[in-house]
Structure formats: C-alpha cells, structure tokens
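Notebook open, structure on screen. I'm jotting down what I look up as I go.

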Amino acid sequence: MSVRRRPTRRAIRATARTGTVLAAVTAAVVALSLPAAGAETSVTAVAQWYEATNPQTPDSEVNATGAPFRGTQADGTVRGYIDSHTHLMSNVGFGGSIVCGATHHEHGPAQALKDCGSHGTDGSTGVLENLTNLEGNGPFDKHDTTGWPTFKDWPKWSSLTHQQMYHKWVERAWRGGQRIMVADAVNNNVLCGLPLQANKYSCDDMDTVRRQISETKNLQTFIDNQYGGPGKGWFRIAATPAQARQFVAQGKMAVIIGVEVSNPFGCTTTLGIARCSKGDIDRGLDEFKSLGVSSMFLCHKFDNALCGVRYDEGTQGVLVNVGNFINTGQWWKPTVCTGPQHDNTIANTDIPNEVLKYLPAGTALPVYPKGPHCNTKGLTDLGEYALKGMIKRGMIVEVDHMSVKSANSALDILEQQNYPGVVSSHSWMDRTFTERLYRLGGFVTPYGHSAGEYAADLHDPATAALRAKYNVGAGYGMDMNGFGGTPRPPLMARATPSADSTSNLGKSLTTTAGRGISYPFVALGGTVMDRQVSGERVWDYNKDGVAQYGQVPDWLEDVKGIGGSGIQDELAKGAESYLRTYAGAQSYSGTANLALNKPTTASSNERALFNGLAAAKATDGRIDTRWASGNWGTAPQWLRVDLGSRRQIGRVAIDWEKAYAKGYQVQVSDDGATWRTVSTVTDGDGALDVHVFNEPGKTMPAARYIRVHATERATNYGYSIEELQVFTD
C-alpha cells in the first residue's frame, strides 16, 4: 500500500501563525523536501540524521527546517557560531535550589520545567528571584509559578533564577548555526550559603564542579538515547580540540567544559591567609583534566588565594563586596588608578538591610575614595603556580574577572612562555589587553548584550581592526543561567535601574536596543527558522527578547540586520578561531631560551659571600639566583648576553628582583660595541617584563648581543635581575 504525502501540520501551522507572505517560505521549504504530487512513498518516514528517532512526547518544538550544515570548507577550516560562556547546569550549582528547572528530565518537560518550591504558589516567597529580577518591584513581588506548558512569567529576559537552557532550546541554537558551546560549571558559595532557600547539595565549589560535569554527561546520554544510541546525538562533549573539530565538521555542537568558581581547589583566604597549597592545586588540576575540563578561571567575583578580582560596579558591586567580606573576612582594598587600565569603580552605597543582617554586629563598613579604582591584589605566588600548572596541562586560561593587576601579571607569564591558550569570554577584561591576547593566539568574545549594543561593539574600529590584523573571527558570551541577564525585547522602552536599587545582581540593563526581526528568517547555512513553540507558548523575539537559549538565533538575526552580512561572516569564523586557540594550548611545548647559559657580562657586580651575584646568574635558568649591580649611584648600569651568533629576536623577558629599574632600554648589537634601542621603558613597575617584537606586519630585530641598559632606579639600591631570557618566536 502507498499513500500520497501532504504538507505537515507544522508547515500549515507556521503559515497560519505568521499571516505574512514570508511565512510561505517555511511551507515551501517543507514542500520542496517532499515528493512531488503523484509520487509514492512508504507510510513510515525515515528520520533525517538531525531528527530524533525516539523523541520525548510531548516536548518543545524546534521550529527549524532544513539540514544543519556540516563538513569543512575548501581551506580545511570549519564554520559556525560559538558561545564561549554559558552555564548549562547551574540548576545543580548554588546548592541546587536557586536556578529553577532542569535542562532535561526522563519524564519530560512538565517535570524538567517546574518552578522552585521555595517560590510558593504565587512567587511571593521567591526572595532571591524577586531581588534579582531586572523588572522586579521588591522582595515580595509575585509571579506565575507555572512553567510548562504556559510559561506565563518565565523564562524571561528579566528573570535570573529560572532555567533558560532546556535541551530543546539549546537544540534550536544549534540548528541556527551554533557549533561550539563552552559550558562553565559555576558556583558562588556565599550566595549558596544564604538562608534564602533549602539547599539540596553542598555549597563547596569543587563538589559543585563535579556534579555539574556529571549532569552535562548525563544530558549527552539523554540526547543520544533519543537519536539512536551512543554518539548519535547532536550534543557532543569534546575533551580535545581534535574531537571538537570532528564534531563541528559533522554538523553537531561541540561542548567544551570549563570552570568558573570563586574558590577553585579550595583556594580561598581567611584574613589574607591562603587556605590551599601547591599540592591542592596540582591535585585539583589533575582531577579537572580527568573530568574533561578544558578551560577555567583562577578567580571569580571574590579575591582568593590565587588572584585579585576585577570589581563589580554600582549596587551590584556593593553586594558582591559583602560576599567578598563573608568569603574572606576582608573588604575589597582598592587604590586610585594612575594608568590607563582600571577595574570597575566601587560605589559608596549603603548596604541594603536585607543584606546587612548577614554581617556580624558592629562590622566596620568600608568607605572608598573617588575612582577609578584598581584592586591592589594581583596574581599571587600560588596563582602563578596554578597558571603555570594550567599551561603544563594544556588548559585554556580565562582572564575575565581578574583585576588589571592580576591580568597584567598573567599576560606577562603567558607572553614569556608564548602560550596561545588564553580567552576573554564575556567582556570582563580591560579592553586595552585585547591585542595582547590576539598576539598570543588567544580569542576574545564580547558579552551577549542587546543586539544594537553588541553590533556596535563588533563594529568598534579599534577591535574590528585588531580582528582583521590577527585574522580572527568573533563570538559571543551569553552568560546564560549565570545571573548576567539576557537581551531584552529590541523594541522595548529603554530603562536603567535606579542608583539605590537592590533588585539587580546581574549586569546593568543595556541602553542600546535592536531593530526587531521578521519571521520566518534564514539562519546561517540556509536553515529556515520560525517562532519557537514550547507547549502553549509561542516565543517571539520582538516581544520577548532572549527569554531562553532557543532565541539566540533570533537575536543573531537582529544583530545581522543591524550590522550587515559582514558581521555574520565574522561570527561564522568564530568556531575556527576558538579551535585554533584550543589546539594551540594542547599542542604547546615551549621554545628554547637563546640566552640560557650563554656568556653574560655586566657593567658591575655586587659582591656577595655566598653564591655570588655575578652577571651569569641572570642567565643560568634558575629563579633562586640573580645578578645585582655593584654601583648604587645614578650612573647607568647594564647586563649583556652574547647569543653566539646573529639570531632573530621575537621576545625578551626580564624578571626583575625587588631592586628594579623604573627606566631602561632593551638594546641589540651585531658587534657588542654599536647598540641600537628596540624598546624603551620609562614607567617600569618591577616583576616580569616581556618585550614582544613578533607582531604581524612588523620586522623582528636580529642581532648577536642583547643588552638591558638601566638608566633610572626605582629603589635606593642598584639594579637586580633574576632571569634574562631571549626567544626567537
């Protein structure tokens, strides 16, 4: 028996729903994919590779038509979007009772997409939801607690505690062209510890990381089971860049596991005393590698034993500072910045009574000078050890959330080792560091703000020029499920929270809206996308903004409409750019130090009874020895190394002892007599200085001799260098 196939209900419903000429495109695409009238086919339809063979019923629709693009381009590169910062499993973070609803459930969306029991029957007892809601009216505000199938009040762009990454919504983002998602295990032990909810799980950061990674793997199995078994699903966890590239080439979504917690390896501090050791760091990094973690943050929100953080600003900064006090026993300690780089400025706002009650009675509250503010805490010795441990293990270093002092030190070390595995994933880095990341081979993605603001960010002449100079694509960091807020409706009246508001723990509302989009639209690769339907709810980006992850393609359509097809092309290069950074990290082996144990001389040497402070101590490859000048006067002093032959100079690293130079030049010579200056420093701050000459479009100097010519002392002592290194790359 055979039958004549008719247009599907989905195609008919799509046309009726839009009521526009464009809606006919969806039906036409479906019709063209079916046999012509009169043709015969089997009653049992064969599912395409991108369609579930055993789907849950009922479930959210995807509302995307057409096969996802796959394969590599002619030059061997892959194509696709990347979201470099998400929190897929935060519902089992924060004690398991703050983010309401799950990414999946064996009994379907009715069980997965439920509100938190702590929100009560009308939402009025959901204190954290009500305090953080970007449209909230106070701690006892109400909301409809019904999720599936009506979704009256959540998920919503303004709600920060309701699940936004249900698996069918993520599937729609994949169908819209996204090929890489970095899923960061996240936690905030202080937020978790507040008595606002009954926790299901431990608030310990390491326990939380393990649980979220386990749930991510469970989701992969869950999706595989709907698609025919192990390895068949579109959601693929990648532990290596080669795996990720393979999955993207297959047209699937490669999921990279990252970690963003405040106290990794238990490395918090109590009144400035570190609560972890180098052994804890090594064990933690080894465990992360065994769990498939590829990237991580050394610090997040609170100062810890590894590094100081980039402050939050405004009322949010006041609240996070309270968290820092609870976590460490100390308030943030900023100084007024004197240079071009700075952290966010801390507001001198009164601490809300709802928060003040969690502090010990009589606690002295901080008062700060006028900004701009810079955290006085940078990368600690333990932080440097952890950073080098990440390099050793080929992990991607996230520099977002580091104070400028921490980030400067981290980038110095990364430049010293020429390590490409560095990423800024969601606009929490001082923008002046951008070229340093690109020059290393790193990757930078802005936060997923409203479409207009995001498009303006990518079109900024400075950042656009850097992407062109280093031939890198673009991406976005939506920070979904991470208390960051998502793009509001593009045509919604603009708004800004009041200065004394306590209702915004997420990032400030954006001030640049989008233009809106028409449905259906054609996404990257030709997939036709209509409004997404979940149960009884029809999601419309024009009215809803990005309420959940399935609307990321709609947001991208608005971005493209504002910025043109050039923006889409840059975004389509994002997956390839990230994979290059990822591969560079895992294949890193370092390069030889040309100065190691080479003949080294100096203008003078300080006398010492033991070990000596001779010039050769600065090129012996040891960090426990050093050269020190013998002249503590005002005369210039120099340290010179003979490389043995004329070599190309890509980098010169100078690791200063406490007696450093405020002013000096790096000079090169072919004969040891005639010198030419290749770099000049007038505001040296000690520690590690790396002079980089291997920039695109510039000719690297070549010479046999390298000299550090110190002209201005920073201390009352002479000059002292622990290690002088020279590299060709």
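Predicted model: local features only at pLDDT ≥ 70, side-chain atom pairs only at ≥ 80, totals over all residues.

I started with burial: 58% of the 729 residues in the protein chain are buried. Buried here means under 20% relative accessible area, exposed means over 50%, and partly exposed is in between, with a 1.4 Å probe and protein chains only. Residues are numbered from 1 along each chain as its sequence is written, and side-chain values use heavy atoms, with hydrogens and water left out.

**Entry: the whole chain**

I looked up the helices and strands, and the protein chain has 20 helices and 26 strands. These are DSSP runs numbered from the N terminus: H or I over at least four residues for helices, E over at least two for strands. Next came the radius of gyration, which is 28 Å, close to the 27 Å from the globule rule for 729 residues, so the chain is as compact as a globular protein of that length. That radius is taken over C-alpha atoms, and the rule is 2.2 Å times the number of residues to the power 0.38. Along the principal axes, the C-alpha atoms fill a box of roughly 95 × 65 × 45 Å.

I then checked contacts, meaning heavy atoms within 4.5 Å. Taking those between residues at least 6 apart in sequence, 75% join residues at least 24 apart.

The protein chain exposes about 28,800 Å², and carbon and sulfur atoms supply 51% of that. Accessible areas come from the Shrake-Rupley method with a 1.4 Å probe; for residues, only the protein chains shown count as cover.

I looked up charges too: there are 70 positive and 71 negative side chains, and the centres of the two sets lie 4 Å apart. Lys and Arg count as positive, Asp and Glu as negative, and His and the chain ends are not counted. Each charge is placed at NZ of Lys, CZ of Arg, CG of Asp or CD of Glu.

**Entry: helix α13**

Ten of the 14 residues of α13 are buried, so I'd call the helix mostly covered, going by the under-20% cut-off. Among the buried ones are Val404, Leu411, Asp412 and Glu415.

I went looking for cis peptide bonds. The bond from Trp148 to Pro149 is cis, with omega near 0°, and the bond from Trp154 to Pro155 is cis, with omega near -5°. Pro149 sits in the loop between α4 (127-132) and α5 (167-175), and Pro155 is in the loop between α4 and α5 as well.

Phe94 has phi near 55° and is in the loop between β2 (81-86) and α3 (109-112). Asn471 also has phi near 55°, in the loop between α16 (461-470) and β14 (521-522). Buried or exposed? Phe94 is buried, at 3% relative accessible area, while Asn471 is partly exposed, at 44%.

Gln226 lies in helix α7 (residues 205-226) and counts as buried at 6% relative accessibility. What does Gln226 touch, not counting residues up to four places away in sequence? I listed Ala52, Thr53, Asn54, Pro55, Gln56 and His167.

Trp49 is in the loop between α2 (23-32) and β1 (64-65), and at 25% it counts as partly exposed. Its C-alpha is 9.7 Å from that of Gly228, although the two are 179 residues apart in sequence. Leaving aside neighbours within four places, the contacts of Trp49 include Pro68, Arg70, Trp174 and Tyr227.

Thr682 lies in the loop between β23 (676-681) and β24 (688-692), and at 58% relative accessibility it counts as exposed. Beyond neighbours within four places in sequence, Thr682 is in contact with Lys662 and Gly663. I also checked Thr682 against Gly441: they are 241 residues apart along the chain, with 28 Å between their C-alpha atoms.
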